[in-house]
Amino acid sequence: MMKTGFKFRNIIIYSALIIASAVFLAPIVIILINSVKGNFYISDAPFSLPDKDTFVGLQNFIKGFTQSDFMRSFAVSAFITVFSVTGIVISTSMTAWYIVRVRNRFTKIIYYLFVFSMIVPFQMVMYTVTYYAFELHLNNPIGIVFIYLGFGSGLSVFMFSGFIKSIPTEIEEAAVVDGCSPIKTFFLVIFPILKPTAITVAILNAMWIWNDYLLPYLVLGSGSDKTLPVAVQMALTGGYGNKDMGALMAMLVLAILPIIIFYLFCQKYIIKGVVAGAVKG
Amino acid sequence: MATIKFRDVTKSFDNGKVTVIPGLSLDIKDKEFVVIVGPSGCGKSTTLRMIAGLEAVSSGELMIDDRVVNDVPPKDRDIAMVFQSYALYPHMTVYKNMAFALKLKKIPKDEIDEKVMWAAKILDIEPYLDRKPRALSGGQRQRVALGRAMVRNPKVFLLDEPLSNLDAKLRTEMRSQITMLHKKLQTTFVYVTHDQTEALTMADRIVVMDKGVIQQYDTPQKLYDEPVNMFVAGFIGSPQMNFIDAKVIKENNGMKLSFSGYELEIPEEKHEALNAYDGKEIILGIRPEQFLTKPPSGNDKSGCTLNVTAEIAEMTGSETNIYFSLGSSTHIARIKPEKKISGGDTVKLYIEGSVLHYFDKDTTYAI
């Protein structure tokens, strides 16, 4: 009796999960199948699989590549993502180490400020951020790295703090006795131990920064330094708002490819990192 | 040569609000194996951490090799420390763990290799050099921690409860290994533990601490035979010493102790010391193994015979622990019975007056 009940419950859970997965995957699948279809067929039968009449091979990809400034936007996005993520991982892990190990009123306040910054929605601060970004001349690919450093540090400090609390202080003391300075202790002992959390933090921030539309649109605009999401939206627009949908789909496929590869490459660490931070924090 | 000297050293936390060590003076000789022992929170680990430089000295002078090291960072004190939780670097192999300190000192690779292999051979961890700490057992990790300290060839070895995470069998094994290591390395060892068996079996001299104050600093035998106060008497020895309230009675031809309806003849050599206590209460200390099941064979005419009821009899192999009541308190005797004793049996116990301990009831110091 119990076994039947258990089985029935499993069927419901699995069905719900399959439906949820299908809902999330559907847009990606639609983009994928339409990226190799002719423009007419995309609007005529967007859900049909490509066949010998509709299939146009890599034509859309070539068009998307050549008729937009895809490569430049790709480079801008890559530059911003790589430097922002590197900056976030290094600076927030060091900050979290300091906050966890040096316990006083000051570090407590700093910690709560970081946590508080996580719950403030971007829309609430976007006008002031944009204004000051222009005032401080941060409206360029280098400047926006610093803005991302600010927006990404709340969650990252929170995650690193949780994990660092689980590292015995004796390990750091052993390093001090062995002859490490604080900087050496951090980079030779603490940071390697933080690897799973660092990778998790890197993946979460890389996904968000790579795919972000609003902040780069507000700060960098749609000029020559636009990022990939902005470029995709701006590109291939013909007369009367007409768009080359095939090339657009192809650009979207190319845009999401790097981040999917990065995620798949590091995904085994993401669970480890999140769990370690959550459970032991 | 590595002596350690504490000169009126104090240690306080929270800007002087909490004083853990109120004033410590201690001399540790070169090549000596000193064990600091005491209950939790007595300041033994803080003392060790001050030697290591992991805790700053609040006042006084701490000297290693006659050099004041109060402001010398840990790496420049020429010490090595073994931690309770081993504190191995989890991302490094055993080899890298052991070589880490030498690498930081920029010692040539060949020399590092030679030293690591030397320590690994002594500690029998050669087959595990490529493993990460998580792939080792507790005992193996402990040996790696020792090896990491050994390769540095330090002046002073500091060990902070290094065996407390091991099971009983492994602890006994490692105990003798550490003792042998001390003999082999001929270096000063300072070892912290709350386990008095470890202290008694390993130390040249033992520091017994309580509430940040040294109660007694002496050889294991001296501590056992001549404890200076009730704290040391109770802390050293297992099961712990029995304490019995007794009254000193001076008579024409001698002195007696009266307790729980019994009278005990005080040996002559103690008469002078106990003279001032005539008519007063003192504490009588008897170690569990000082209860005998046969009358003492020597010339000692002091002592007395107790007829007690065994409330619980614990067979521990070669000996039996008997729990019995005298007055309102329960005491314990460790005897070698000729026949089996069970709970409820009446047992005759003999005490020899000359081996007993006498303590002042007010000061708790030995008389």
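Predicted model: local features only at pLDDT ≥ 70, side-chain atom pairs only at ≥ 80, totals over all residues.
In strand E12 of chain B, B:Lys256 is the residue that B:Ile249 stands opposite.

- As a reminder, strands of a sheet pair through backbone hydrogen bonds, either parallel or antiparallel.
- Step back and you find an open sheet of five strands in chain B, in the order E13-E12-E11-E14-E21, with antiparallel pairing.

**Strand E14 and its two partners**

- Is strand E14 (residues 281-286) of chain B mostly covered or mostly open? E14(B) is mostly covered, as five of its six residues are buried.
- With strand E11 (residues 242-251) of chain B, E14(B) pairs in the antiparallel sense over six bridges.
- To find one of these positions, look for B:Phe243, whose bridge partner in E14(B) is B:Gly285.
- Strand E21 (residues 357-360) of chain B also pairs with E14(B), and here four bridges join the two antiparallel strands.
- In that pairing, B:Ile282 stands opposite B:Asp360 of E21(B).

**The three-stranded sheet of chain B**

- Chain B also has an open sheet of three strands, with the order E17-E18-E19 and antiparallel pairing.
- Its edge strands are E17 (312-315) and E19 (329-335) of chain B, each of which pairs on one side only.
- From one strand to the next, the twist averages 25 degrees.
- Strand E18 (residues 320-326) of chain B is joined to E19(B) by seven bridges, and the two run antiparallel.
- One position to look for is B:Ser325, which stands opposite B:Thr330 in E19(B).

**Two packed helices in chain A**

- Two packed helices are described by the angle between their axes and the distance between the axes.
- Helix H8 (residues 169-178) and helix H9 (residues 182-193) of chain A pack at an angle of about 130 degrees, and their axes are 10 Å apart.
- This angle makes H8(A) oblique to H9(A).
- The crossing in which H8(A) passes H9(A) is right-handed.
- Which residues meet here? From H8(A) come A:Ile171, A:Glu172, A:Ala175 and A:Val176, and from H9(A) come A:Thr185, A:Val189 and A:Ile190.
- Sorted by class, this contact has five nonpolar residues, one polar and one charged.

- Chain B contains nine helices and 21 strands.
- Along its principal axes, the C-alpha trace of chain B spans about 80 × 50 × 35 Å.
- Among the 367 residues of chain B, 38% count as buried.
- Of the contacts in chain B with a separation of 6 or more, 67% come from residues 24 or more positions apart.
- How many residues does each chain bring to the contact between them? Chain B gives 17 residues and chain A gives 13.
- On the side of chain B that touches chain A, strand E6 (79-82) and helix H2 (94-104) are the elements that give two or more residues.
- By class, that side of chain B has 13 nonpolar, two polar and two charged residues.

**Backbone spots worth a look**

- B:Ser238 and B:Pro239 are joined by a cis peptide bond, with omega of about -5 degrees.
- B:Pro239 has its place in the loop between helix H8 (230-235) and E11 of chain B.
- A:His137 is not a glycine, yet its phi is positive, about 55 degrees. A:His137 is found in the loop between helix H6 (122-135) and helix H7 (141-164) of chain A.
- Is A:His137 buried or exposed? A:His137 is exposed, because 9 other C-beta atoms lie within 10 Å and the cut-off for exposed is 12 or fewer.
- B:Asp14, also not a glycine, has a positive phi of about 55 degrees. B:Asp14 lies in the loop between strand E1 (4-13) and strand E2 (18-28) of chain B.
- B:Asp14 has 7 C-beta neighbours inside 10 Å, so B:Asp14 counts as exposed.

Conventions:
Residues numbered from 1 in each chain as written. Chains lettered and ligands numbered in written order. Axes fitted to C-alpha atoms, helices over the stretch in contact; angles between N-to-C directions. Parallel < 35°, antiparallel > 145°, perpendicular 65-115°, else oblique. Left-handed = near helix turned anticlockwise from the far one by under 90°. Contact = placed C-beta atoms within 7 Å. Nonpolar A, V, L, I, M, F, W, Y, C, P; charged D, E, K, R; others polar. Buried ≥ 20, exposed ≤ 12 C-beta atoms within 10 Å, placed from the backbone. Pairing = 2+ DSSP bridges.
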